[in-house]
Amino acid sequence: MALYVYAITGKDHPLAVGDVTGVGADPSPVRALACGPLYAVVSDVSEEIRPKRRDLLIHQEVQERLMEGGPVLPLQFGYTAVDEEVVEQALRKDAEGYLANLERLDGCAEYHVRASRNEEELLRQILRETPETRELNDRIRAGDPDPQLPLTLGRAVAAQVQERQDALAAGLTDALVPYAREHDVRPASGDDFLNLSLLVPDDRREEFLTAHAGLVRQLGDGVEFRLSGPLPPYSFVR
Amino acid sequence: MTMVPQGGGSAVGRGGGSSGTLYDVLELILDRGLVIDVFVRVSLVGIEILKIDARIVVASVDTYLRFAEACNRLDLESGRKAPAQLPEVVGGMMEGGAHGKSKGALSGAVDAVTESLTGKSRGDEEPDEEEEAEEEPAPRRRRPPARRAARREKE
């Protein structure tokens, strides 16, 4: 029977996942498979899985419950093995590496920060502070029919947006990174300009949250922050 | 850490005091995490599309024109009270932070993707999860220029 694999933990992990049932259309209980010095946390699945939103939530929930009992290496969503033998072999083969990873991540959790800016505020600020864009904008609004004007204005504004977003993202990153053992910056998507993951040791969590709250206050309505965590260290497993 | 082991997970659902949502951690769940190469990934049809939202660059004529239009329609006199500055930390530009995204202009794609995630369009069979979906970004997206313009013309 195929297995869905959620995570790897050390052999000393209490594995208290409670009564969570696993992913799939016909879910089985989540259980642990001993593999040398490690456990693989798995559930049986039929060969055909068509993942749904519920499966994502379960994958995440299993990680969160495991986190309570000790360090965990969360797998990326959606990985299955054909049978127990394959799982055992894979874990035994890289046992040293997984153990080192678990040790590295012990006592830490991931926090994920995203931020977006109020676009109108940002554009207003750009027009206020850059005479070039202000002038172009005034000419267009006054009815200047030159078809190049909007393009020139848009290009200048886009460059300013980029520059300001990058600078703010770098500033925010600098402000939060001191509370983290490791961090990971990724390209932001959608309206966001910041996509930052931080590996925060438990004993610095309060400081980190205080610092984050301070930034939120300081930046006010112009910036919307979204903080997720504590999360399993998805961004920091190797 | 306060865990409430019921329903759809805590940090994802409404992690105590944080505003994180499934949408925000989706990229972590789908794209990060440990990969073991002898394992097989299930088909992510229907979920895979969520990943397309990222890589769209700001440098396009459409984006320029949209920015220009948004500026033209902007009410320049309002909103002076909220300077989004971070005086003591805004230093130069460093390490590749947020790259290439325009705002608003991309929202359509992201919304579509969000919808497909939250399953709203598919009539998800689990209504209790829908509540969480409601917090997700679609309503947050800002498309104000048109509204602004309309107001300005009346003035």
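A: What follows starts with the ground rules, then turns to the helix contacts and their surroundings.

Residues are numbered from 1 along each chain as its sequence is written, while chains are lettered from A and ligands numbered from 1 in the order in which they are written. This is a predicted model, in which local features need pLDDT of at least 70, side-chain atom pairs count only at pLDDT 80 or more, and totals for chains, interfaces and linings use all residues; side-chain values use heavy atoms, with hydrogens and water left out.

Begin with confidence. The model scores ipTM 0.87 and pTM 0.74. The other score is pLDDT, the predictor's confidence in each residue, from 0 to 100. Chain A averages a pLDDT of 93. In chain A, 100% of the residues score at least 70. Chain B has a mean pLDDT of 54. There, 28% of the residues reach 70 or more.

Chain B has 6 helices and 1 strand. Helices (H or I, at least four residues) and strands (E, at least two) are DSSP runs, numbered from the N terminus. From the N terminus on, the elements of chain B run α-α-β-α-α-α-α. Among them, helix 3 of chain B has the highest mean pLDDT, 91. The lowest, 37, belongs to helix 4 (residues 107-118) of chain B.

Two packed helices are described by the angle between their axes and the distance between the axes. Here the partner is helix 4 (residues 119-129) of chain A, and helix 3 of chain B covers residues 61-73. The two axes come within 10 Å and cross at roughly 80°. That makes helix 4 of chain A roughly perpendicular to helix 3 of chain B. Axes are lines fitted to C-alpha atoms, for helices over the stretch in contact, and angles run from 0 to 180 degrees between N-to-C directions. Angles under 35 degrees count as roughly parallel, over 145 as roughly antiparallel, 65 to 115 as roughly perpendicular and the rest as oblique.

Which residues of these two helices meet? Helix 4 of chain A brings A:Glu119, A:Leu123 and A:Leu127. Helix 3 of chain B brings B:Arg66, B:Phe67, B:Ala70 and B:Cys71. Contact means heavy atoms within 4.5 Å. By class, this contact has 5 nonpolar, no polar and 2 charged residues. Ala, Val, Leu, Ile, Met, Phe, Trp, Tyr, Cys and Pro count as nonpolar, Asp, Glu, Lys and Arg as charged, and the others, Gly among them, as polar.

B:Cys71 has a relative accessible area of 1%, so it is buried. Buried means under 20% relative accessible area, exposed over 50%, partly exposed in between (1.4 Å probe, protein chains only). A:Cys35 is buried too, at 0%. The structure holds 0 disulfides over all chains; a disulfide is a pair of cysteine sulfur atoms within 2.5 Å.

B:Ala68 also sits in helix 3 of chain B. Its relative accessible area is 1%, so B:Ala68 is buried. Leaving out residues up to four places away in sequence, B:Ala68 touches A:Pro150, A:Leu153 and A:Gly154. B:Leu44 is 24 residues from B:Ala68 in sequence, yet their C-alpha atoms are 38 Å apart in space.

Helix 1 (residues 53-69) of chain A and helix 2 (residues 22-31) of chain B have axes that come within 11 Å and cross at roughly 75°. These helices are therefore roughly perpendicular to each other. From helix 1 of chain A come A:Arg53, A:Leu56, A:Leu57, A:His59 and A:Gln60. From helix 2 of chain B come B:Leu22, B:Leu26, B:Ile29 and B:Leu30. The residues of this contact divide into 6 nonpolar, 2 polar and 1 charged. Helix 1 of chain A has the lowest mean pLDDT among the elements of chain A, 92. The highest there is 98, in strand 4 (residues 72-74) of chain A.

Last, the stretches to treat with care. Over residues 1-19 of chain B, pLDDT stays under 50. The model has 43 contacts beyond four places in sequence for that stretch. Residues 87-155 of chain B are below 50 as well. Beyond near neighbours in sequence, this second stretch has 150 contacts in the model. Where pLDDT is low, the predicted coordinates should not be read in detail.
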